[in-house]
Amino acid sequence: MTGDINTDEINTGETFWILIEDSDGEYLYLSDMIVVRPSLNEISNNKNENEIFMQDEYYLSYQIFLEKKGVRKNYDQDDVIPPFIFVRAIADKWLHSETSISVPVENKVILPNIQYENTELLDLQPIRVKKAFSESGFEVYLRRMFSIGDNDKEFDHQSYDSLKLNGLQTQLFNLIYNSDKSFYLSSPPGNGQFICTCMGILREMKQDSKFQSKNFQVLFLSCNKDKADYYVSKFESIFGVNQIVSGLKGKTPVQIEQELKSKSIIVSDIETWDNHVGKKLTKIRDLVKKLKLLVIDGIEFINSNNSNGSVIESAISRIRYIITPLNLKIRIFAYSKCISNANEVSEWLGISRENVFSFDQNIFNETINKKVIAFDSYYRSSRFQMMLKYLKDNIILQLINQPKEEKKTLIIFVLDYEFCLSLANELSLFIVSESDQQEEGVTEYNSLLKFSIHNGIGFLYKNQSFKEKEYILSQFNDEKINIIIACEDMKNSITLKFDYVVVMDTKKIDYDDNKGSLINSKIRKTIDYSQFDIHQMLSRCRNQMDHYSNFILLCSSNKQEFYEYTINNSLPLESNIDFGIIDCLNTEIALKTIKTKQDTIDWITWTLFYRRISKVSCLFNY
């Protein structure tokens with residue numbers, strides 16, 4: 001949208017209401033507010049996500065449910081979808097100042113199919129680890145897998161003897177350890193997916209006594225590039241440092257070549273793998289002939305609305321394109337968070353439906369209390385103050401008054417760097433006032449860091465130095481601080497678990513290149529957190545049977561219904577390859593995978609995009 005107001009009487013800006021209605025004007029799906037500023041002098045001070053400037057192009061992004069309130073879940077699609085949805089922009093003060101557009105949805109929008117059935121978690125007797133792996137000689141690895149130390153031998157034996165697999169691991173044990181079948185697991189995080197991978201590696205070691213002396217037996221690809229180093233350290237702690245495990249991230253092509261020829265377990269983020277190895281077809285064809293186990297972790301990252309999603313989908317499709325014609329017996333373990341179309345994703349990965357385990361979002365999360373708190377304010381600054389008051393009165397006070405031995409941990413996700421520092425200062429001052437200390441607020445960065453750490457608060461953001469991040473995390477691990485404030489772009493790299501997870505506001509500002517504008521080189525976009533973003537933050541909750549944790553999402557009132565549904569339900573995994581399909585096709589042309597139009601069509605059939613476009617063609621503007 002573009003503001004176009006021809007008057008000299010407006011100095012402070014005009015308020016407009018954005019209304020999304022059905023075709024009869026009887027049902028309001030969503031309302032929002034924006035402010036149009038006539039002056040260009042305030043561009044540098046434009047801090048509010050609701051403000052735009054005349055002649056400056058601006059994008060609004062909304063997510064709504066076509067299913068109206070009161071309509072049952074087993075709806076008839078023809079009764080629910082209106083022929084059009086009207087989006088109106090109405091001036092708050094000026095008469096007849098209204099613009100409306102109609103968005104046709106009939107025959108274009110296909111509601112998600114509700115026939116997906118979740119896998120039932122069977123009520124099986126937990127398998128004892130010692131009995132399951134008896135006479136295997138893997139006791140050392142198993143102790144490290146379940147983090148049992150070697151200091152007190154008597155204590156270790158007692159712990160090892162009583163160790164059991166959880167319900168999910170018990171249900172999958174025979175498939176993983178006593179068969180050569182592939183599987184796809186869609187489940188809430190923190191329920192033993194990594195242990196399942198380790199059991200698969202132990203299976204390969206049992207089958208081949210020379211496993212450690214061979215190269216490229218297991219390939220572990222993480223779709224989350226921020227956690228690649230974390231997985232490398234985990235594998236090294238279990239299977240031995242620098243013996244059979246190698247991480248490719250941050251290494252030169254020569255070093256990667258040496259690692260592929262000398263190490264049995266290769267761990268990498270999928271982008272690094274694709275750039276250095278996956279696009280070299282001759283090399284990868286020779287390598288995959290040795291491969292026994294391929295693990296793909298974090299497939300839900302395909303849902304990220306940027307080029308990363310298209311890169312991940314393209315890389316996985318290329319691996320499948322190369323492996324399938326060779327008729328190799330390679331096991332595939334694929335993991336994702338809960339999604340509702342796991343059968344389609346498994347078909348794309350070449351995994352049979354009988355080996356798809358798609359568990360319900362809430363089946364393992366009985367110990368997580370989820371709440372969505374709405375605040376009736378359209379301005380970010382006033383909404384922030386309302387959320388801050390709620391945070392102080394209901395959570396921070398509770399943490400302050402708890403005894404040290406029962407101290408609970410808290411992480412707060414905020415929108416950006418400025419809010420991160422502002423909140424750290426506000427909460428530090430509040431803790432000081434409640435503890436009757438006499439301290440003054442600080443504005444300099446270094447002083448703020450010391451001040452907040454002194455009061456039990458740390459903060460993390462994307463461009464923070466590595467040394468500073470390590471210091472804050474070490475303070476947290478040593479229980480010297482129990483509150484961490486993190487920018488939302490840190491959600492993928494944080495591996496810690498917390499008793500309280502708070503999401504403070506859900507509307508972020510993004511920028512796209514605007515080459516055609518003389519006013520601003522960037523187009524401001526207002527974007528709500530997606531289901532993918534929310535579930536990433538939800539995964540930071542501590543999830544233990546004997547330990548309750550809390551997930552609290554603070555948002556504006558017009559988003560409450562959407563996020564209440566999001567945190568309690570699984571949504572389908574959608575392809576985002578259309579964000580970068582031109583780059584993907586150019587890459588395949590350069591690799592000579594694509595030489596003709598028919599090759600292009602054949603290549604597309606290997607993608608998730610091919611399977612989803614017929615189901616939700618409106619999502620891809622077809």
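This is a predicted model: local features need pLDDT of at least 70, side-chain atom pairs count only at pLDDT 80 or more; totals for chains, interfaces and linings use all residues.
**Entry 1: α17 and α18**

The axes of α17 (residues 531–538) and α18 (residues 560–568) come within 10 Å and cross at roughly 55 degrees. Axes here are lines fitted to C-alpha atoms over the stretch in contact, with angles from 0 to 180 degrees between N-to-C directions. I noted the crossing as right-handed, meaning that the near helix is turned clockwise from the far one by less than a right angle.

On α17 the contact (heavy atoms within 4.5 Å) uses Gln531, Ile534, His535 and Leu538, and on α18 it uses Tyr563, Thr566 and Ile567. I sorted these residues into four nonpolar, three polar and no charged.

**Entry 2: α13**

I found a kink of about 40 degrees in α13 (residues 380–400), centred on Lys392. The bend is the angle between axes fitted to the seven residues ending at a residue and the seven starting there.

**Entry 3: whole chain**

I noted 21 helices and 21 strands, taken as DSSP runs of at least four residues (H or I) and at least two (E). Buried residues make up 52% of the 622 residues.

**Entry 4: conventions**

Residues are numbered from 1 along each chain as its sequence is written, and side-chain values use heavy atoms, without hydrogens and water. Local features need pLDDT of at least 70 and side-chain atom pairs 80 or more, while totals for chains, interfaces and linings use all residues.

Terms used:
Ala, Val, Leu, Ile, Met, Phe, Trp, Tyr, Cys and Pro count as nonpolar, Asp, Glu, Lys and Arg as charged, and the others, Gly among them, as polar. Buried means under 20% relative accessible area, exposed over 50%, partly exposed in between (1.4 Å probe, protein chains only).
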